[in-house]
Amino acid sequence: MMQETSVRPALSRAALAIPAVTALALIAFSGGYGYHRDELYFIVAGQHPAWGYPDQPSFTPMIAALMDFLVPDSMMALRLPAALAAALTVLFVTLTARELGGTHRAQTLAALATALSGMVLIPGHMLHTTTFDITFTAAVIWLLVKVIRGGNPKLLLAAGAILGVALHNKYLIGAVVASLLLALLLTGPRTLFRTPWLWAGAAIAVLIWLPNLLWQYENGWPQLEMAKILSEGNTDRGGPALFLAMQALAIGPLLTPLWLAGLVRLLRTPQFRFLGAAFLILTIALLAAGGSPLYLFGGYPALLAAGGLAVDGWLTRAKGNARTTVATTAGVLSAVFILPLALPLVPESQLHRIPVIQMNGLSAEQFGWPELTNTVTKVYDTLPPAQRGTTVIITENFGEAAALHRYGRTRGLPTVHSGYRGYAAWERPPATARNAILIQPAKSPEPPAWAKKACTNLRYEAEIRNDLNIKNREQGGKIWLCENVTRSWDDLWPEISHMN
């Protein structure tokens, strides 16, 4: 282990206040707009406990189901863990800036930049796997930096435990840790590999992760198929140029100079060069694999921490107040840019004028679920009473299914089923169901192939619209009625089931 060569700076009280403010802001606006489709799916998935699902591990679904159990149908309660996780991300970046040698001002700058980044605010507004993934990653980086700087190497046991839990949330952190280890091997300090605590920490991580690994093995490694689908989907999103350009938008355009300065500072600092190298390795790996631009979020905690030190040094070398004015203006404009995109600050009536939806596509998927339920209810209520008793609902995707599960419980709707990802394994329509209301999104509004072959009668019933006319996956979709299926649901289910 490396010996500590300098006194660790005191922790900034001002910087510590920023995570608390971040949490309070996210909690205050957590009830705005509506449920995201993934949040609704996580609730239902968590109500079917398992060590894994075809499209993700189980941590976030379990958190979602727990919060919905404690405070049913409350978006504020559901999103509380996300707000706290976002605040912890800011805290871990602040602590990392301190470990890197940051003064009070450097720590405060790192905390402010992180709190005003899209990396924290956008996933922090909703319960999502990304929200926790960034927090776990920031915690592991902080502990690693602390050990490298001369801290107790037994902290690597804690880092291993965090990694093990994090792998129950999202596998992406595995790529971040692999990048860090490869960077350490290439740039040093390689003494880390000689401590038994590193390998003990790795063993703890694998042991904690083992139940999910066994689930993947027993179910034919569905995550491999999922990864292939995601990679193929990302190849049509502009390639490397758009991937790199999206980094400025995702973190915040005016924060780009800060994290770039942090990257340069890390690469120029022998003791922490591995952090900058790990970011470059992760970037290259994601470009090669066709990963989403958002997958690089795990590389930014170290850069934002070091960026605080870089900007602090830049301000210290200044004569006069010009640089302070520039930095303050950049911070204010960053807030003006990111806050309306990340939080529901824009009134719903103004969303057609202000391009929030266009710049943050996640927002679009928070609208239209009550209207979908109303439309399906009208279709169901027009059926003769005898036919209603033999009718189920089958949706094309999990967002539609989970939304009807959430909003249809008090409307007298029949059971909802879907062949999409996790839903396919939970419950098939009963043998007594001979009819089905089919929900088709805008991308594939026509009846599915299985329905065209298996339904004696198949007719169009209604179009899916939301009151705000927001273009999302459901807007412009269609609802069909399938009558008198000619095959059993067990026979049809392999054709109905799909991952893509």
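1. Lining of the largest cavity. Ile-141, Val-176, Ser-179, Leu-180, Leu-275, Ala-278, Phe-279, Leu-282, Gly-298, Gly-299 and Ala-302 line the largest cavity of this predicted model. A cavity is a set of points, on a 1 Å grid over the protein atoms alone, where a 1.4 Å probe fits but cannot get out, and lining residues have an atom within 4 Å of a point. The volume of the largest cavity is about 70 Å³; a volume is the space filled by probe spheres set on the points, with grid points joined across faces, edges and corners. The structure holds five cavities of 30 Å³ or more.

2. Basis of the model. The model is predicted: local features need pLDDT of at least 70, and side-chain atom pairs count only at pLDDT 80 or more, whereas totals for chains, interfaces and linings use all residues. Residues are numbered from 1 along each chain as its sequence is written, and side-chain values use heavy atoms, with hydrogens and water left out.

3. Helix H9 (172-187) and helix H14 (273-289) each supply at least two residues of the lining, and H14 gives the largest share, four residues. Helices are DSSP runs (H or I, at least four residues), numbered from the N terminus. The lining comprises eight nonpolar residues, three polar and no charged. Here Ala, Val, Leu, Ile, Met, Phe, Trp, Tyr, Cys and Pro count as nonpolar, Asp, Glu, Lys and Arg as charged, and the others, Gly among them, as polar.

4. An aromatic pair. Which kind of pair do Phe-279 and Tyr-300 form? The structure holds 20 aromatic pairs (ring centres of Phe, Tyr or the six-membered ring of Trp within 6.5 Å; planes under 30 degrees apart are stacked, over 60 edge-to-face, the rest tilted). The centres of Phe-279 and Tyr-300 are 5.2 Å apart and their planes lie at 65°, so this pair is edge-to-face. Phe-279 belongs to helix H14 and Tyr-300 to helix H15 (residues 300-316), so the pair ties together parts that are 21 residues apart in sequence. Phe-279 is buried, at 5% relative accessible area, and Tyr-300 is buried at 0%. Buried means under 20% relative accessible area (1.4 Å probe, protein chains only).

5. A buried threonine. Thr-60 lies in helix H3 (residues 59-70) and counts as buried, at 0% relative accessibility. Leaving aside residues up to four places away in sequence, Thr-60 touches Phe-42, Leu-127, His-128, Thr-129, Phe-132 and Asn-169, where contact means heavy atoms within 4.5 Å.

Terms used: On a 1 Å grid over the protein atoms alone, a cavity is a set of points where a 1.4 Å probe fits but cannot get out, and a pocket is an open set with protein on both sides within 12 Å along at least five of seven lines; lining residues have an atom within 4 Å of a point. Buried means under 20% relative accessible area, exposed over 50%, partly exposed in between (1.4 Å probe, protein chains only).
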